[in-house]
Amino acid sequence: MAIRKLLLLLKPIDPYPFLQTEGASLIKNPQVLQYLESRCKVHKNAIKFCQEILSKKPVEWKPISRNDLSHPIRDVDMVITVGGEGTLLHASHFIDDSVPVLGVNSDPTQAHEVEELSDQFDASRSTGHLCAATVENFEQVLDDILFGRVVPAKVSRISLKLNSETLLSHALNDILIAQPCPAAVSRFSFKIKNKDGASSPKTVNCRSSGLRICTAAGSTAAMQSAGGFVMPMLSRDLQFMVREPISPGSTASLMHSTFKPDQFMDVNWYSDHGTIYIDGCQVQHSVQLGDTIEISSDAPVLNVFLSHGISQIRSRY
């Protein structure tokens, strides 16, 4: 399909409005202030650069702030996000499997900066794991796409049913089911079932700080930080982990594993209140005592242009 009409989705140009309050900065450390102001400048320059490149190409494009995006994205051939992982995640909740997306990391982490400032503060910028481009290679990546030299990868997402009703939001990275208060105990049980009706022989009863389920794309995010393993990017499996289980006993080995595309996880919620967090804080749904949650990889895939070789990431498990 020829790509002629694009949507340019932008992280807000001033991502740190808290820096100024009635003319006075809320940040007192001059090094931190200089660092954050530098990040704003780098991001603004990246947006300007991408717009200049697009203006030279035989395409029609329209810029929009991600904060102004409120309806499903239709009638475009491709979405380009300029920001980081969060901007691409935000876009994914408005895109089905018919519109490919290219992520541009506008403010990548600078290794030398992190090293120089490590004793002062964390100078990490954007990881942009799913972003195939930066300002350094944006034009080349864009040309490869426009001339059909590369195709998007089909990246799995998570489908959710709450009390048998399908939720419209699909997770690209992960979901977390937990009490709204992080200090409260979450009580729930789960069982892995086959879509043909068979199920695992064991119901796993849990008291913990919650349950996380991730896609292959999300396995390098919170799941890996919690001790999970990195999955091949194009895997359709889902990985799950019970967070900080209390006295798991004989079921400990069942609290971190994967399930296949022909399976789903059936969760029963036994706390008074709970929240399903989809892709961090992107989308939230409340759950109540007695609710059931069905989790699978039945969601439409997201077509994402990935960096060369990223789909070949091997599992570290």
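1. Let us start with Asn-303, which sits in strand S20 of this predicted model. Asn-303 has a relative accessible area of 7%, and because buried means under 20%, this residue counts as buried. Leaving aside neighbours within four places in sequence, Asn-303 is in contact with Asp-97, Val-99, Pro-100, Val-101, Pro-152, Ala-153 and Lys-154. Leu-102 is 201 residues away from Asn-303 along the chain, yet their C-alpha atoms are separated by 8.9 Å.

2. Where does S20 belong in the sheet? You will find S20 between S6 and S7, in an open sheet of six strands with the order S4-S1-S5-S6-S20-S7 and mixed pairing. Strand S4 (60–65) and strand S7 (153–155) are at the edges; each has a single partner strand, so one side of each has no neighbour in the sheet. From one strand to the next, the twist averages 30 degrees.

3. Strand S1 (residues 5–10) runs parallel to S4, and six bridges join the two. Within this pairing, Leu-9 stands opposite Ile-64 of S4.

4. Helix H2 (residues 85–92) lies across S1, strand S5 (78–83), strand S6 (101–105) and strand S20 (302–305), and runs at about 145 degrees to S5. Helix H4 (residues 138–146) is mostly covered, with seven of its nine residues buried. After H4 comes Gly-148, whose phi is positive, near 75 degrees.

5. Stepping back, how is the chain divided? There is a domain 1 (5–151) and a domain 2 (156–299), and their C-alpha centres lie 30 Å apart. In the contact between them, 11 residues of domain 1 meet 12 residues of domain 2. The area buried between the two domains is about 860 Å², with carbon and sulfur atoms giving 55% of it. On the domain 1 side, Leu-89, His-93 and His-129 lose the most area to domain 2, and together they make up 58% of what that side buries.

6. Is His-170 buried or exposed? With a relative accessibility of 17%, His-170 counts as buried. The residue is found in the loop between strand S9 (165–166) and strand S10 (174–178). Not counting residues up to four places away in sequence, His-170 touches His-93, Arg-157, Ile-158, Ser-159, Ile-278, Asp-279, Ala-299 and Pro-300.

7. Strand S9 also takes part in a second open sheet to explore. Here six strands follow the order S9-S8-S19-S16-S11-S12, with antiparallel pairing. S9 and strand S12 (204–208) are the edge strands, each pairing on one side only. Strand S8 (residues 159–162) and strand S19 (residues 292–296) run antiparallel and are joined by four bridges, with Leu-160 opposite Ile-295 of S19.

8. Strand S13 (residues 211–214) deserves a look of its own. In a regular strand the side chains alternate between the two faces of the sheet. Both faces of S13 are covered: Leu-211 and Ile-213 are buried on one side, and Arg-212 and Cys-214 are buried on the other. S13 is joined to S10 by four bridges in an antiparallel pairing, where Ile-177 has Leu-211 as its bridge partner. S13 also pairs with strand S14 (residues 238–242), again antiparallel and over four bridges; there Ile-213 is partnered by Phe-240.

9. Finally, several of these residues come together in the largest nonpolar core. This core has 28 residues, and those with the most contacts inside it are Leu-160, Ile-175, Phe-190, Ile-213, Met-265, Ile-293 and Ile-295. What does Phe-190 touch, not counting residues up to four places away in sequence? Its contacts are Lys-202, Thr-203, Val-204, Cys-206, Phe-240, Val-242, Leu-254, Met-265, Asp-266 and Val-267. In soluble globular proteins, nonpolar side chains tend to be buried together.

Key:
Residues numbered from 1 in each chain as written. Predicted model: local features only at pLDDT ≥ 70, side-chain atom pairs only at ≥ 80, totals over all residues. Heavy atoms only, no water. Pairing = 2+ DSSP bridges. Axes fitted to C-alpha atoms, helices over the stretch in contact; angles between N-to-C directions. Contact = heavy atoms within 4.5 Å. Buried < 20%, exposed > 50% of the residue type's maximum accessible area, 1.4 Å probe, protein only. Core = buried A, V, L, I, M, F, W, Y, C linked by side-chain atoms within 4.5 Å. Domains from an automatic or database assignment. Buried area = accessible area lost by both parts, 1.4 Å probe.
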